[in-house]
Amino acid sequence: MENRKTPKPKKPIYKRVWFWIVVIVLIFAIKGMGSGKSDDKNTSSKSKETSQSSTKKDETKVTSKSSSEKPKASSKSVSATPVTFEEIVKAYQANGAAADDTYKGKVLEFQGTVSKVAKGIFTGTDVTIDAGNFTDNQFMNTTATINMPDDLAKKLTSGQAYTFQAKLNDATIMDSGWVQNLSMSKGTIK
């Protein structure tokens, strides 16, 4: 008679300890990402309200600074089309293809308040501007990301309003018609 052990039947995956550990870790990770976003949105909306009330003060400060204190734009004088973020977003919401013909690849001039300055993915520095909310959903804010030279971007201050010139590369449009981000390059300060 042979002394063989009968193999134990394999447990289903949901009865294994490591499976539940992975599930719990994933739940906490997803919950953490979700709560981090809502905290950022709440903080963002509170700071937006504060910055909107002080935007006129900031704009006055920017325009009243002496020329030695202002960040200097590049010496190249480029013909730019003056626009507002609302005009761009409304055009993309109405007809993205027509808006591309109107704005994409063109140098635009606009005002915006800097919300973040960070190293660019490949080159330069990315300056993020809160462009506003043009939907009924308070969490669907539009941002503009401008890639500009490091030396010029380092002179910017978060919370301050500036007049920018930049070339529109692309507009990220979500399914609901929400324009999430306007991606721009070759940014300068006027």
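The chain exposes about 13,100 Å² of surface, and carbon and sulfur atoms supply 56% of that area; accessible areas come from the Shrake-Rupley method with a 1.4 Å probe, and for residues only the protein chains shown count as cover. This is a predicted model, in which local features need pLDDT of at least 70, side-chain atom pairs count only at pLDDT 80 or more, and totals for chains, interfaces and linings use all residues. Residues are numbered from 1 along each chain as its sequence is written, and side-chain values use heavy atoms, with hydrogens and water left out.

**Overall fold**

- The chain contains four helices and six strands; helices (H or I, at least four residues) and strands (E, at least two) are DSSP runs, numbered from the N terminus.
- Read from the N terminus, the order of elements is α-β-α-α-β-β-β-α-β-β.
- Of the 190 residues, 29% count as buried; buried means under 20% relative accessible area, exposed means over 50%, and partly exposed lies in between (1.4 Å probe, protein chains only).
- Among contacts (heavy atoms within 4.5 Å) between residues at least 6 apart in sequence, 61% join residues at least 24 apart.

**The nonpolar core**

- In soluble globular proteins, nonpolar side chains tend to be buried together.
- The largest nonpolar core here has 29 residues, and those with the most contacts inside it are F85, F110, F164 and L182; such a core is a set of buried Ala, Val, Leu, Ile, Met, Phe, Trp, Tyr and Cys residues joined through side-chain atoms within 4.5 Å.
- The elements that each give two or more residues to this core include the helices α2 (85-94), α3 (96-103) and α4 (150-153), as well as the strands β2 (107-119) and β3 (125-133).
- Strand β5 gives the most to this core, with five residues.
- Leaving aside residues up to four places away in sequence, F85 touches F110, Q111, G112, I129, A131, F134, A144, L182 and M184.

**Helix α2**

- The residues F85, I88, V89 and Y92 of α2 are buried.
- Seen down the axis of α2, these buried residues fall within an arc of 95°, so they line one face of the helix; the arc is that of the directions from the helix axis to the C-beta atoms.
- An α-helix has 3.6 residues a turn, so residues three or four places apart point the same way.
- The buried residues of α2 pack against α3, β2, β3, β4, β5 and β6.

**Salt bridges**

- The structure holds three salt bridges; each is a side-chain nitrogen of Lys or Arg within 4 Å of a carboxyl oxygen of Asp or Glu.
- The side chains of K104 and D170 form one of them (3.8 Å, N to O). K104 lies in the loop between α3 and β2 and D170 in strand β5, so the pair ties together parts that are 66 residues apart in sequence. K104 is partly exposed at 36% relative accessibility, and D170 is partly exposed at 38%.
- K190 and E109 also meet through their side chains in a salt bridge (3.4 Å, N to O). K190 lies in the segment after β6 and E109 in strand β2, so this pair ties together parts that are 81 residues apart in sequence. K190 is exposed, with a relative accessible area of 59%, whereas E109 counts as buried at 16%.
- A salt bridge also joins the side chains of K119 and D150 (3.1 Å, N to O). K119 lies in strand β2 and D150 in helix α4, so the pair ties together parts that are 31 residues apart in sequence. K119 is exposed at 61% relative accessibility, while D150 is partly exposed at 26%.
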